[in-house]
Amino acid sequence: GGTATIDEDLLEEVVYLVEYPTALYGRFEKEYLDLPPEAVVTPMREHQRYFPVVDNEGKLLPVFITVRNGGSDYIDIVRHGNERVLKARLSDARFFFEEDKKVALADRVERLKTIVFQEGLGTLYDKTERIEKLAVFIAKEISLNEHVISDTSRAAKLAKADLVTAMVNEFTELQGIMGREYALLNGENVSVAKAIYEHYLPRFAGDLLPEEPIGRAISIADKVDNIVATFSRGLIPTGSQDPYALRRQALGIVHILIAAQYNFSLSKLVSQAMNLLGINAGQEQLLGEIQDFFRLRIKNVLSDEGIRYDVIDAVMASGTDDVYDTVLRARAVAETCGTDAMHKAVLAFTRVANLAKNAPLQVVNPETFSQEAERELYQAYFCTENTVKELLIKKDYNGILKKLSELAEPINHFFDAVMVMDKDEVVRNNRLALLKSITDTATVVADLSKLVEV
């Protein structure tokens with residue numbers, strides 16, 4: 001009357017553990033179903049390689065399926081042996097659960113002072129304090145209200161407390177899960193309890209992402225603290241080594257920011273983390289290394305979306321500090337590529353960009369213009385710039401690209417009618433300054449000159 005929950009990784013493991021598989025079912029006492037579901041499933045799945053069984057509503061049944069290596073001979077003896085082993089595991093889990101309930105989660109926070117986070121970087125208690133401050137900083141950056149910020153602070157304070165419980169000590173896979181359960185048992189509100197669980201998400205590629213703003217804020221804070229702390233010790237991931245899983249954590253942050261559609265500065269966040277860690281020397285170099293690290297993760301995410309390499313390079317050349325903004329720009333350029341207007345615009349802006357490299361740093365002086373073509377280009381640029389500023393507030397990058405493409409015709413007319421590198425230095429510099437201004441306006445979306453195919 002139930003359905004086996006098939007974990008694909010577990011199924012693959014079991015397939016390669018046995019040569020002659022025979023599936024059988026076993027039972028356990030219903031009283032163990034009073035435990036949190038994960039506390040029952042984890043010993044079954046992670047320790048015994050059993051498949052749990054659920055009813056039509058998704059609730060656990062006191063039944064499991066396991067696979068023996070061999071035929072059905074003496075199957076009852078094999079079943080009995082598996083049931084005895086599982087009973088011992090579940091008895092341990094119930095004992096740990098009952099013992100853990102005797103101490104409130106909040107009262108366990110002090111015990112984190114006995115666990116070292118990383119060498120030279122204090123204890124888990126110190127880390128908890130940093131996460132709390134960083135999570136509150138993020139909550140303010142994404143404009144959460146005071147009530148939610150208060151819950152964020154509370155959840156961050158309790159986020160690591162379950163690491164000193166007997167249940168998590170025995171079943172490490174339950175970190176966060178037991179924190180959520182104990183928080184609910186202690187009367188913490190649902191948002192706080194859920195955030196304690198969600199701050200570990202995503203745990204692996206393709207895993208769930210935090211659903212609530214509190215969980216997102218603490219998850220980002222925890223992962224940024226890990227990355228900055230580890231980088232500060234010189235333990236930067238290499239091509240073959242990443243013992244602290246920093247790539248996974250950075251990817252997790254990128255995916256959270258994109259899914260939640262959060263716009264804020266990554267460098268500002270990293271700088272805040274560095275300050276909380278007390279890193280004073282070499283901040284600029286460390287920031288640069290971490291930014292490069294995140295750029296590769298962003299590039300991977302955009303590539304996984306099927307966005308062309310030249311589009312990615314063009315967009316990233318215009319900055320990647322705001323992750324979600326970078327993705328929006330990349331999607332807009334990718335959608336626009338292939339149109340006739342975009343083709344003409346890219347050719348025109350590439351010519352502009354090549355000459356603009358020689359421009360001195362000065363403002364455009366319209367009074368210096370002597371030819372109608374440069375006056376027309378300046379007027380077109382001026383109108384475009386004002387429109388782009390308005391569209392930029394809405395992050396309407398498709399609209400910006402459409403507006404920029406309208407500059408292609410006056411740009412081409414300008415090059416046909418005007419000698420940019422005039423002998424008169426004042427005239428030459430003013431024309432170059434105009435081209436530089438046009439380039440600066442265009443690159444709010446991407447460096448269009450890097451596009452190979454349009």
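**Exercise 1. Over how many bridges do S2 and S4 pair, and in which sense?**

Step 1. S2 and S4 pair over seven bridges, in the antiparallel sense. Two strands count as paired if DSSP finds at least two bridges between them.

Step 2. Some ground rules before going on: this is a predicted model, where local features need pLDDT of at least 70, side-chain atom pairs count only at pLDDT 80 or more, and totals for chains, interfaces and linings use all residues. Residues are numbered from 1 along each chain as its sequence is written, and side-chain values use heavy atoms, with hydrogens and water left out. Helices (H or I, at least four residues) and strands (E, at least two) are DSSP runs, numbered from the N terminus.

Step 3. Now sort the faces of S2 (residues 21–27): Thr22, Leu24 and Gly26 make up the covered face, while Pro21, Ala23, Tyr25 and Arg27 are on the uncovered one.

**Exercise 2. In what order do the four strands of the open sheet lie?**

Step 1. The order is S1-S3-S4-S2, with antiparallel pairing.

Step 2. At the edges sit S1 (3–4) and S2, each pairing on one side only.

Step 3. S3 and S4 share three bridges, again antiparallel. Pro52 has Phe64 in S4 as its bridge partner.

Step 4. H3 lies across S2 and S4 and runs at about 55° to S2. Axes here are lines fitted to C-alpha atoms, for helices over the stretch in contact, and angles run from 0 to 180 degrees between N-to-C directions.

**Exercise 3. Which residues of H2 are buried, and what covers them?**

Step 1. In H2 (residues 37–47), the buried residues are Ala39, Val40, Val41, Thr42, Pro43 and Met44. Buried means under 20% relative accessible area, exposed over 50%, and partly exposed in between (1.4 Å probe, protein chains only).

Step 2. Their cover includes S3 (51–54), S4 (60–69), H3 (75–100) and H6 (166–170).

Step 3. Check the backbone past the helix: Arg49 follows H2 and has a positive phi, near 65°.

**Exercise 4. At what angle do H16 and H17 pack, and how far apart are their axes?**

Step 1. Two packed helices are described by the angle between their axes and the distance between the axes. For H16 (residues 372–394) and H17 (residues 397–405), that's about 170° and 9 Å.

Step 2. H16 and H17 are therefore roughly antiparallel. The cut-offs: angles under 35 degrees count as roughly parallel, over 145 as roughly antiparallel, 65 to 115 as roughly perpendicular and the rest as oblique.

Step 3. List the contact: Thr384, Thr387, Val388, Leu391 and Leu392 of H16 meet Tyr397, Gly399, Ile400, Lys403 and Leu404 of H17. Contact means heavy atoms within 4.5 Å.

Step 4. By class, that's six nonpolar, three polar and one charged. Ala, Val, Leu, Ile, Met, Phe, Trp, Tyr, Cys and Pro count as nonpolar, Asp, Glu, Lys and Arg as charged, and the others, Gly among them, as polar.

Step 5. Zoom in on Thr384, which is buried at a relative accessible area of 3%. Leaving aside neighbours within four places in sequence, Thr384 is in contact with Lys403, Leu404 and Leu407.

**Exercise 5. How do H10 and H14 cross?**

Step 1. The axes of H10 (residues 246–260) and H14 (residues 323–336) come within 8 Å and cross at roughly 70°. That makes H10 roughly perpendicular to H14.

Step 2. The crossing is right-handed. (Left-handed applies if the near helix is turned anticlockwise from the far one by less than a right angle, right-handed if clockwise.)

Step 3. Val254, Leu257 and Ile258 from H10 meet Val323, Tyr324, Val327 and Arg331 from H14. The tally is six nonpolar, no polar and one charged.

Step 4. Also in H14 is Asp325, which counts as buried at 10% relative accessibility. Setting aside neighbours within four places in sequence, Asp325 is in contact with Asn263, Lys395 and Tyr397.
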